[in-house]
Amino acid sequence: MSRMLTVLPERCSGCRLCEVVCSINRFGVNNPKKSSIRVIVIYPHPVIRMPIVCRQCKEPKCQENCPTDAIVIKDGYCDIDEEKCISCQQCVMSCPFGAIFLHGDMSAPFKCNLCDGDPQCVKSCPKNALLFIPEHTLGQAHRMASVLKYTKMKEVEYVEKGERKILRYADIESGKEEK
Amino acid sequence: MKIKGGYFKKLLFVDLDKGDARVVNLSDEFCLKYIGGRGFGIKLIWDNQKNYKSPLDPQNLVVVAPGPLSGLYLPSSGKTSFVTMSPATGIYGDSNMGGSFGVELRQAGYDALAIKGKAKKLSYLWIDDDEVEIVENEGLKGKGCLELEGIIKNDLKDDHLRIASIGVAGENLVRFACISADWGRNAGRTGLGAVLGSKNIKAIVIRGSKDLPVFDLKKLKEISDASFEKLKNHKYFTFWQQQGLMSVIDYVNEAGVMPTYNFRDGQFSGAEKINGYEMEAKYKIGDTACFACPMACGNICLVKEGKYSGTVIEGPEYETACMFGPNLGMNNFACILKANALCDDLGIDTISTGNLIGVLIEAQELGLVSEEELGGMRLKWGDEENIIQLIHDIAHRKGIGNILADGSLELLKKFPQLSPILSQVKGLEQSAYDGRAAVSMALGFATSDIGAHHARAWPLAKELEMGKDWGLEQKAELVIYHQTVRPLFDMLGVCRLPWIELGFDENTYAEFYSAVTGVTISMDELLKKSNDLYDVTRAINIKMGISRKDDYPPERCFSTPIPSGPQAGKVIDREEYEKLLTIYYQKRGWDENGQPDMKGIDKKFSDKTLI
């Protein structure tokens with residue numbers, strides 16, 4: 001089952017813990033400027049905080065534009081083969097999300113490699129703004145919300161263990177109205 | 001002992017008179033003795049006192065110092081201290097901010113930055129790793145802190161810069177002007193913005209790229225992983241993210257120690273209209289956190305309708321909501337947000353501003369000042385229009401605002417009759433807790449080294465909980481403990497809120513320090529250093545003429561009992577306070593007049609002057 005690193009910017013507080021933990025795990029240093037994830041904060045127009053991280057595109061622009069075929073896809077993620085990389089920064093410029101990064105100390109650009117299938121940024125996020133979830137579940141919150149928003153619902157009140165509860169169900173009768 | 005991490009051992013010294021910057025190497029002994037942050041600031045101010053003339057003289061220093069733990073993978077490591085001789089009080093002053101500004105300074109490779117002298121024209125300081133430049137830019141004159149961040153990022157073509165700036169108030173030398181960064185993180189107290197303004201420095205702009213030195217990263221990660229887990233599992237963790245310090249409003253109001261109507265009353269009838277729940281329900285649009293902080297106590301609020309519609313603010317914090325809310329008799333949360341946004345953009349401290357406006361309103365109510373003296377202004381409690389107007393007037397130094405802009409001490413010179421209703425200590429306006437319900441809190445305000453601020457000691461809850469069974473000895477001891485441990489957080493460059501609010505074990509910080517620096521140290525040893533430095537700030541203040549006479553809470557604490565609420569009738573007994581103060585001095589090893597061993601301190605802290 002292939003999993004996807006997903007960002008929910010509405011939850012992000014901009015604390016940058018994902019950046020720190022990434023730099024530690026990836027390069028063994030405490031340096032948020034050497035992380036493969038970056039929190040972008042825009043304020044006050046508009047007000048948003050959003051971590052930028054590689055989406056592991058299935059048809060990656062970085063790969064398409066790499067002149068030396070240094071971008072390789074393995075185990076569901078895209079990586080930069082430093083042997084082949086000539087550090088021309090073509091991939092950095094090609095990524096539509098800006099999710100490939102550079103640092104003066106580094107000979108090659110770097111990007112998210114999903115930490116061998118256990119992304120540390122997801123673990124460290126105190127706001128659950130980063131999720132690592134099965135691909136097919138993407139969009140399920142919206143699917144669920146649209147079902148629950150469906151207006152032709154009826155309610156039945158009942159009592160369970162002394163607590164008043166509501167059960168909702170779709171009304172067959174009102175469904176008949178639509179011809 | 002040799003330091004193996006935690007410090008770059010570098011201080012960046014900028015001399016604006018000469019127009020140059022140089023790196024001063026810090027010895028291991030220096031780093032270990034002063035720890036960092038506030039500690040480095042104290043030493044530099046102490047050494048500079050012989051050159052010092054007045055707070056707004058170019059010879060005064062501004063020290064910006066994160067700590068050895070700033071920017072590291074551990075809870076809430078985004079704190080930076082700003083230290084100076086305060087134009088608000090004329091004595092030692094400091095304030096700190098969260099966000100990411102200090103982290104960036106560290107990443108540029110410096111443990112601290114000291115600025116002296118005065119630039120010829122309005123300028124900003126541009127620190128790009130090893131390259132430092134003083135950039136003249138008179139076009140920035142009059143720009144608000146928010147707008148300025150955008151302008152500089154655009155000019156330098158980098159969205160990732162960290163910028164600390166002053167607003168119009170700082171340029172106009174308002175004595176409680178603040179320094180703002182990350183659109184709403186403020187080093188608010190003691191008028192640091194005015195000191196930068198007096199140096200013609202509009203902003204400090206930093207880009208840093210370096211690895212932060214850590215001796216044992218593996219060990220640090222181990223302790224921190226467990227620490228984050230502990231915090232996340234705390235029962236109030238989620239609630240804290242939801243409301244942050246705004247949750248304190250209900251606690252303080254229910255306890256009856258809410259500054260209401262200029263600290264006259266202890267409970268506000270409209271509190272439910274300005275509390276954390278009201279904020280969450282109607283105004284909050286997001287959480288915000290300082291660097292590496294899981295608690296995300298910052299709230300981003302937006303006014304969605306009415307005459308303040310469109311007001312966006314990172315805040316309010318408890319203090320601001322209180323000082324513009326109950327303290328001014330205001331129950332319109334939208335107006336509090338507007339006042340907060342204005343103060344942030346103009347660059348003035350919300351605590352001092354709210355406090356002083358409250359004084360004016362009460363003064364007019366009591367007939368202590370006339371309408372003419374206030375330039376025709378007729379003030380009422382909860383008077384939205386005039387409050388907003390006064391904020392503008394203070395920052396721009398117009399009319400009565402021009403007098404308020406010089407702070408408590410000058411206001412009292414002009415209107416001595418305000419003395420009984422002006423809540424201040426040593427010239428710093430009191431922050432938002434009533435000192436009358438707890439004598440230890442009154443002592444905390446009175447003996448804080450910067451004036452009436454709660455950051456040094458907050459024994460209020462403990463005393464309310466302990467009631468009468470709590471002796472003066474214990475009260476003095478708790479105040480001293482707070483004044484030792486709380487400043488230690490400012491020295492390490494971390495936030496104290498995980499400890500205060502979510503019960504995080506303070507001993508963990510000694511473990512962090514040991515793992516990061518490779519120097520094994522206990523919490524007691526760290527506290528000892530912090531305590532020694534409290535003697536130094538006292539010594540700095542003694543040299544400025546401070547003595548026992550200045551260590552009293554505001555007059556109202558003695559003269560007017562709390563009129564209503566659960567603490568009704570409470571007032572500080574003068575005799576009891578005198579006793580407590582004497583015990584406090586004894587426990588600190590200071591004499592009857594509050595003077596520490598000046599010769600001993602001179603000797604102990606006479607190590608090499610750095611700059």
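**A sheet in chain B**

Modeller: Ser180(B) stands opposite Asn186(B), which belongs to S11(B). This is a predicted model, in which local features need pLDDT of at least 70 and side-chain atom pairs count only at pLDDT 80 or more, while totals for chains, interfaces and linings use all residues. Residues are numbered from 1 along each chain as its sequence is written, and chains are lettered from A and ligands numbered from 1 in the order in which they are written.

Strand S10 of chain B, residues 179-181, is joined to S11(B) by 3 bridges, and the two run antiparallel; strands here are DSSP runs of E with at least two residues, helices are runs of H or I with at least four, and both are numbered from the N terminus. Two strands count as paired if DSSP finds at least two bridges between them. These two belong to an open sheet of 6 strands in chain B, with mixed pairing and the order S8-S7-S12-S9-S10-S11. At its edges lie strand S8 (131-136) and strand S11 (185-187) of chain B, each of which pairs on one side only. On average, neighbouring strands of this sheet are turned by 20 degrees against each other, direction ignored.

Helix H4 of chain B, residues 145-155, packs on the sheet and touches strand S7 (123-128), strand S9 (162-165), S10 and strand S12 (201-207) of chain B, where contact requires C-beta atoms, placed from the backbone, within 7 Å. The direction of H4(B) makes about 140 degrees with that of S9(B), with axes fitted to C-alpha atoms, for helices over the stretch in contact, and angles running from 0 to 180 degrees between N-to-C directions.

Note on methods:
Two residues are in contact if their C-beta atoms, placed from the backbone, lie within 7 Å.
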